[in-house]
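Reader: Hey, I've got this one open and want to talk through how the chains sit together. Can you walk me through it?

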Amino acid sequence: MIKLLASRTFFQSVLIINSLIVLLPVLFLFNSSLRESNEFARTPFALARDPFWENYQRVWSEGEFGSYFINSLVITGGSLILILILALGAGFVLGRYTFKGNNIIFAFILTGMLVPAKLAILPLFIQLKWMNLLDSRLGLILVYTSAALPAAIFIMSGFFKSLPTDLDNAARIDGASEFKLLSKVLVPLVRPGMAIVAIYSAIPIWNDFFLPLVFLQSPEKKTLMQGLTVFFGQYASQWGVLFAGLCLAALPLVVLYLILSEQFIKGLTAGAVKG
Amino acid sequence: MKISKIRGLVAALFAAVTVVAPGASIASANTEITFWSWRTEDKAFYESQIKLFEAKNPGITVKFTPYLNTEYNAIVATALTAGKGPDVIQMRPYGGMANLSDAGNFMPLTTAEVPALKKLPAGILAGAQGYKDKKQYGLPYAVSALGVMYNPDILEKAGVRALPQTWAQLQTAFNKVKKAGFLPLGNAGGNGPALEQLHATVGPTFYGGTAFFNDVVAGKKTFTDKGYVASLKAVADLAKWMPANYQGIDYNTARGLFANEKAAFYIGGNYEIGYFRSLNPSITIGWFPAPKANAGAKRYVGTWADGAYAINAKTTQKAAALKLINFLGTKEFGQALVDEIAFIPTAPYVKINDPAVKEINRWRTTLGTPFLNVVGFRFENPTSSSILQPGFQKLIVGGTTPEQLAKDVQTAVASWYAPQKGKS
Amino acid sequence: MSSALRREQNRTIGTLLIPALAVIIIFTTVPALTTLSYAFFSWDGFQRNTFAGFENFQKLFAYPYLDQLVAALRHNTIAFVVIMTFQTSLGLLFAYAMFRVKRGLRFYRVVVFLPVIFSLVVVGYLWQSLLDPYYGPINQIITGLGVPDLAKPWLGDTSTALPTLMFINLWRWVGFPAIVFLAGLNAINSEYIEAARIDGASEGQIFRKIIFPLLAPSLTIITVLTFIGAYEWFDLPFVIGGSNGSPAGATDTLALMFYRLSFGSIDSGANNVGVGSALGVLIFTLVGLGAAFGSALLRRREVEQ
């Protein structure tokens with residue numbers, strides 16, 4: 001009995017230490033974002049007693065964060081919509097139909113997960129140029145969608161497979177077309193899967209800075225993370241402003257995460273956890 | 001209506017349209033040109049100059065976008081290849097953009113279209129010419145010079161009465177500053193290019209300045225020459241005067257140390273002065289050329305045409321772009337360059353009032369020597385810079401020796417530079 | 001089934017499956033295969049030149065690229081070994097801790113996983129600031145604790161740069177294996193554990209004999225993903241060390257080298273697409289073989305349990 005308690009205390013301490021290691025840098029970041037830059041340089045540790053909100057103001061107006069934010073939203077949102085539509089269709093067909101080639105196509109799609117967009121960046125660049133999709137948010141959306149589809153289809157087909165087959169037969173007997181079967185009967189039942197796909201796909205897209213760096217040239221199309229790298233070049237040494245920029249960039253996802261932490265955790269580890 | 005009358009009416013309408021239409025388009029058109037640069041430090045300066053340009057040229061708006069220095073080349077290269085490059089491009093000097101100019105991305109400039117080119121000497125013009133064809137692709141706008149910047153207030157407090165003329169005197173000055181509780185040197189090791197500039201400042205007196213440069217370019221001497229090795233060693237010897245933990249101190253923090261008056265000296269280019277002043281408007285900055293290695297050696301001021309303005313070969317706004325380039329070549333712009341960001345403009349007849357810049361300009365004309373790596377050896381891979389930049393980072397922590405580093409540079413250059421091929 | 005249904009199903013396959021396949025083929029498969037083909041041509045900047053056979057591969061294994069390649073490969077391998085050992089073990093530790101602890105579980109789960117949602121740009125800059133040798137709080141704390149010698153320039157010293165980078169990577173990623181293992185732990189039938197406890201087995205024995213073997217599937221996934229991540233390591237080194245793997249190439253990775261070769265670097269801007277693509281082929285092969293091999297090996301272990 002004593003041993004058990006002692007063990008629990010040990011594990012509690014482990015988790016408390018981890019919490020400190022995770023939260024202290026984050027709190028430091030937030031605190032420093034509210035300090036005036038020169039003051040920070042002198043005393044990095046002091047608490048921001050008089051919050052210097054001007055840092056955030058500067059980031060928003062001078063740093064053009066408003067437009068970066070919207071671009072990120074458009075690109076992530078657009079990709080999500082496309083991913084969900086395509087993954088629903090493909091997941092349904094692969095998960096519920098038996099036909100020759102089902103397994104091969106499925107395996108082929110899965111190998112797509114092994115190819116990071118980065119390594120194919122040059123052909124992608126030249127290909128998009130040829131398709132006139134360079135410096136275009138649509139081009140970026142298509143590339144992100146393609147990169148996210150293998151995992152998305154994998155997850156969705158798993159969900160579709162798990163639904164009872166009687167549903168299909170019942171719907172067909174009622175005269176429903178295949179399409180209606182999918183849209184009216186099955187889709188509502190795989191909503192948890194859709195939520196998982198949405199989260200699993202959206203976060204790497206929102207956080208990505210590399211593809212926009214290569215594919216978006218016009219300053220007004222820049223995404224948040226890409227804008228952050230440019231921002232850092234311009235405001236080097238103005239610590240308060242830099243930290244405010246970091247906080248603003250991280251804020252949307254953090255807020256979403258805190259509200260939906262359950263779904264986030266399930267979503268992001270979905271590819272790794274079977275079933 | 002009679003046919004002839006209809007014809008007449010049509011003719012009149014046609015004439016009216018052709019006369020009115022271009023006029024209408026001039027009146028309503030607002031040409032926008034884009035202008036890219038790697039100088040995020042100078043954003044405010046360019047934007048104020050652009051306002052002046054736009055006032056003089058109603059109907060043209062200029063969108064200026066600076067990019068992070070380290071990624072500028074990659075960003076410009078991809079943009080130009082994508083056909084989405086800017087109209088006016090700040091161009092790296094000499095080989096810095098050789099592959100881009102070779103690929104035909106820049107529009108050759110003629111003296112007819114850009115009269116300012118006529119007034120520039122050949123050595124300066126060379127900084128913006130193609131590597132394979134010697135066409136003029138850019139208008140060089142500034143000359144940079146390397147030297148030792150110092151804070152007169154700190155020197156006074158430390159009891160340094162005379163400016164060091166020899167290497168030994170420099171060490172003495174460093175020592176005095178250190179004893180007085182200040183940092184002798186703001187320079188640090190976190191940034192390869194900054195170390196390369198440090199070497200280019202203090203090195204020439206050790207390796208023999210312009211004579212050595214000419215010999216290496218001609219293949220008569222190699223980088224393993226005793227003098228060059230000594231110049232590398234000089235950089236290693238400076239490490240003991242750098243701030244604590246200098247390996248991890250990045251470029252901006254190092255410059256900040258000097259700007260915030262914690263360090264007495266900063267060794268590098270005159271283009272830093274504008275940045276120092278933006279961080280600390282009240283600072284006084286003095287300048288002297290790098291000291292000579294010993295009593296018998298000569299003093300040198302490393303100098304080169306640093307950057308040019310080029311026009312995208314595929315621009316659709318050639319006229320507007322040329323107007324901007326010509327504006328950037330005017331005496332007034334040159335005056336602003338020196339007054340506001342302490343650059344040494346290429347435009348002639350500019351009056352230099354800034355005492356530090358005056359000093360620099362005076363010395364560079366008599367003691368000038370080319371910045372070896374930038375002027376001579378950036379055209380193909382591996383450039384001497386690509387070996388020296390990480391090489392210096394290793395050197396100052398004892399990870400390599402001056403002899404080895406010199407050998408590495410020689411191997412690199414000999415692999416592509418014809419006059420040096422086969423030499424070691 | 002009826003032929004009408006069969007026909008309708010075929011039509012549906014056409015409308016619902018083909019679009020997704022098309023997108024994947026156009027934007028993933030074709031570019032991947034094209035990269036392979038690029039390796040066999042010589043390039044002039046971004047313009048393809050003549051057919052060059054294996055020349056690019058020869059160049060990759062010669063001066064000046066060979067040294068960079070060897071160093072980068074070494075760094076990636078060290079990263080894999082270290083990350084596999086520490087990140088996975090810590091992940092398992094946290095997962096098991098959350099499995100055993102009742103109070104504050106929800107809080108710990110949220111906190112443990114929090115860094116995983118931060119963008120690497122944010123993580124990179126945050127830690128660069130924390131570790132700044134002059135202004136950074138970490139060194140100030142270390143000095144304050146009375147060991148100023150340990151207040152090193154962590155990211156600037158060639159001997160500490162890579163380990164520091166791996167530590168930052170761990171900070172950011174450990175939540176992932178933790179949560180995967182936690183899900184694996186929760187999936188274990190509690191009856192086995194209860195029965196073992198009644199039989200008088202110690203927690204340690206329970207872990208070794210029941211829990212760890214049943215976590216094999218999770219371990220497989222984590223191992224394969226870690227392998228892929230380690231050999232394709234790009235984001236964090238790029239944000240912190242730049243495309244040259246500053247300081248002095250101590251944080252260079254295969255992916256960074258690939259970027260340099262494809263797009264050029266600051267001092268010369270010259271790129272070499274041919275050699276870069278050859279490197280791409282190398283990385284593909286390495287990762288593909290490793291992932292397939294490793295997963296087959298680990299799968300076998302799962303089945304045996």
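Predicted model: local features only at pLDDT ≥ 70, side-chain atom pairs only at ≥ 80, totals over all residues.

Reader: How much area is buried between chain B and chain A?

Author: About 1,400 Å², with carbon and sulfur atoms giving 61% of that.

Reader: And how many salt bridges or polar contacts go across there?

Author: The salt bridge count between chain B and chain A is 0. For polar contacts, the rule finds 1 residue pair across that interface, with both residues at pLDDT 80 or more.

Reader: OK, switching to chain A and chain C. How many residues does each put into the contact?

Author: Chain A gives 89 residues and chain C gives 86. The area buried between the two is about 7,900 Å², and carbon and sulfur atoms give 79% of it.

Reader: Which residues of chain A lose the most area to chain C?

Author: Leu15(A), Leu119(A) and Leu122(A), which together make up 9% of what that side buries.

Reader: How many salt bridges between chain A and chain C?

Author: The count is 1 salt bridge. Lys118(A) pairs with Asp235(C), and their closest N and O atoms are 3.6 Å apart.

Reader: Which helix of chain A gives the largest share of the side that touches chain C?

Author: Helix H1 (residues 2-33) of chain A, with 18 residues. The side of chain A that touches chain C divides into 68 nonpolar, 15 polar and 6 charged residues.

Reader: What's chain A built from, helices or strands?

Author: There are 14 helices and 0 strands in chain A. Its radius of gyration is 23 Å, well over the 19 Å that the globule rule gives for 275 residues, so chain A is more spread out than a compact globule. Taken along the principal axes, the C-alpha atoms of chain A fill a box of roughly 75 × 70 × 35 Å.

Reader: What share of chain A counts as buried?

Author: 56% of its 275 residues. As for contacts in chain A with a separation of 6 or more, 71% are accounted for by residues 24 or more positions apart.

Reader: Now chain C. What's the secondary structure there?

Author: Chain C comes to 14 helices and 2 strands. The radius of gyration of chain C is 24 Å, well over the 19 Å that the globule rule gives for 305 residues, so chain C is also more spread out than a compact globule. The C-alpha trace of chain C spans about 80 × 75 × 30 Å along its principal axes, and 60% of the 305 residues count as buried.

Reader: Back to salt bridges. How many does the structure hold over all chains?

Author: 19. One of them joins the side chains of Arg255(B) and Glu272(B), at 2.7 Å from N to O. Arg255(B) lies in helix H12 (residues 251-259) of chain B and Glu272(B) in helix H13 (residues 271-279) of chain B, so the pair ties together parts that are 17 residues apart in sequence.

Reader: Are those two buried or exposed?

Author: Arg255(B) is buried, with a relative accessible area of 2%, and Glu272(B) is buried with 1%. Both belong to a salt bridge network that also links Arg39(B), Glu41(B) and Asp42(B).

Reader: What about Lys43(B), which residue does that one form a salt bridge with?

Author: Glu47(B), with the closest N and O atoms 3.8 Å apart. They both lie in helix H2 (residues 43-56) of chain B, 4 residues apart, about one turn of the helix. Lys43(B) counts as buried at 17% relative accessibility, while Glu47(B) counts as partly exposed at 33%.

Reader: And where do Glu359(B) and Arg362(B) lie?

Author: In helix H16 (residues 355-367) of chain B, 3 residues apart. Glu359(B) is partly exposed, with a relative accessible area of 26%, and Arg362(B) is partly exposed with 48%.

Technical notes
Residues numbered from 1 in each chain as written. Chains lettered and ligands numbered in written order. Heavy atoms only, no water. Contact = heavy atoms within 4.5 Å. Buried area = accessible area lost by both parts, 1.4 Å probe. Salt bridge = Lys/Arg side-chain N within 4 Å of Asp/Glu carboxyl O. Nonpolar A, V, L, I, M, F, W, Y, C, P; charged D, E, K, R; others polar. Rg over C-alpha atoms; globule rule 2.2 N^0.38 Å. Buried < 20%, exposed > 50% of the residue type's maximum accessible area, 1.4 Å probe, protein only. Polar contact = N/O pair within 3.5 Å; in protein donor to acceptor, adjacent residues only side chain to side chain.
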